[in-house]
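Visitor: I would like to learn how to read a structure like the one we are about to open. Could you take me through it feature by feature?

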Amino acid sequence: MTSPGEGIYMRKAVDSVTVPGTEGVFTVTNNHSLIVSQLKAGVINVKDGSESKDYFISDGFLFFNHPTDGSGCCTAEISGVELVPTSALDKDRATQVLSELMAAPKDTEWDRTKAALGSALVQQVLKAAE
């Protein structure tokens, strides 16, 4: 998993990854069929044995490929614009940002678009922070 500022789980084997695809949430495990999927804002869950970690992704892509190195391990490449542990999300700050977006003027098409897109993203942050 990578974002412009960080790489997480680089070349590390895990049991499964659950992602928020634009067509719905789905899980990939080793030997899943090949897939390329656009991801929407939501939570990515990575399971490795009894350990489970959650990350918030703003949007991105998943590329799932068969093994290329003879190891028998498939690769799931997740590229996100923003990718952070859900434990790092600040629910109070997200609530404040949502209030500011809703209170901002909506006189122009840009203002309305910014408010709609920003609100949708912040609502997903709030959902992930619960």
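Visitor: Let's start with phenylalanine 61: is it buried, exposed or partly exposed?

Guide: Keep in mind that this is a predicted model. Phenylalanine 61 has a relative accessible area of 39%, so it is partly exposed. Phenylalanine 63, at 33%, is partly exposed as well.

Visitor: How many aromatic pairs are there?

Guide: The count is one aromatic pair. It is formed by phenylalanine 61 and phenylalanine 63, with 6.3 Å from centre to centre and 25° between the planes. Planes under 30 degrees apart count as stacked, and this pair is stacked.

Visitor: Now the strands, please. Which way do β3 and β6 run relative to each other, parallel or antiparallel?

Guide: For paired strands, look at the direction and then at the bridges. Strand β3, residues 16-21, and strand β6, residues 42-48, run antiparallel and are joined by three bridges. To find one of these on your screen, go to serine 16, whose bridge partner in β6 is lysine 47.

Visitor: What surrounds serine 16?

Guide: Beyond its neighbours within four places in sequence, serine 16 contacts Thr27, Val28, Thr29, Asn45, Val46 and Lys47. Its relative accessible area is 10%, and because buried means under 20%, serine 16 is buried.

Visitor: What does β6 form with β7?

Guide: A hairpin, with two residues between the strands. β7 spans residues 51-57, and its pairing with β6 is antiparallel, over seven bridges. Across this pairing, valine 43 stands opposite phenylalanine 56 in β7. In the turn, glycine 49 has a positive phi of about 65°.

Visitor: Which residue has a positive phi although it is not a glycine?

Guide: The general idea first: most residues other than glycine have a negative phi. Here asparagine 31 has a positive phi of about 75°. Asparagine 31 sits in the loop between β4 and β5, and its relative accessibility of 61% makes it exposed.

Visitor: Let's go inside. Which residues have the most contacts within the largest nonpolar core?

Guide: They are Met1, Val19, Ile44, Leu62, Ile78 and Leu83, in a core of 16 residues. The elements giving two or more residues to this core are β3, β4, β6, β7 and β8. Apart from it lies another core, of 10 residues, including Ala94, Leu101, Val125 and Leu126.

Visitor: What does leucine 62 touch?

Guide: Not counting residues up to four places away in sequence, leucine 62 touches Val19, Phe26, Val28, Ile35, Val36, Ser37, Leu39, Ala76, Glu77 and Ile78.

Visitor: One last stop: where is lysine 106?

Guide: Lysine 106 lies in the loop between α1, residues 91-103, and α2, residues 109-129. With 31% relative accessibility, it counts as partly exposed. A polar atom of the lysine 106 side chain lies 3.0 Å from the backbone oxygen of alanine 104. Leaving out residues up to four places away in sequence, lysine 106 touches Leu101, Asp111, Arg112 and Ala115. Its C-alpha atom is separated by 10 Å from that of alanine 116, which is 10 residues apart from it along the chain.

Key. Residues numbered from 1 in each chain as written. Predicted model: local features only at pLDDT ≥ 70, side-chain atom pairs only at ≥ 80, totals over all residues. Heavy atoms only, no water. Phe/Tyr/Trp six-rings, centres within 6.5 Å; stacked < 30°, edge-to-face > 60°. Buried < 20%, exposed > 50% of the residue type's maximum accessible area, 1.4 Å probe, protein only. Pairing = 2+ DSSP bridges. Helix = DSSP H or I, 4+ residues; strand = E, 2+ residues; numbered from the N terminus. Contact = heavy atoms within 4.5 Å. Polar contact = N/O pair within 3.5 Å; in protein donor to acceptor, adjacent residues only side chain to side chain. Core = buried A, V, L, I, M, F, W, Y, C linked by side-chain atoms within 4.5 Å.
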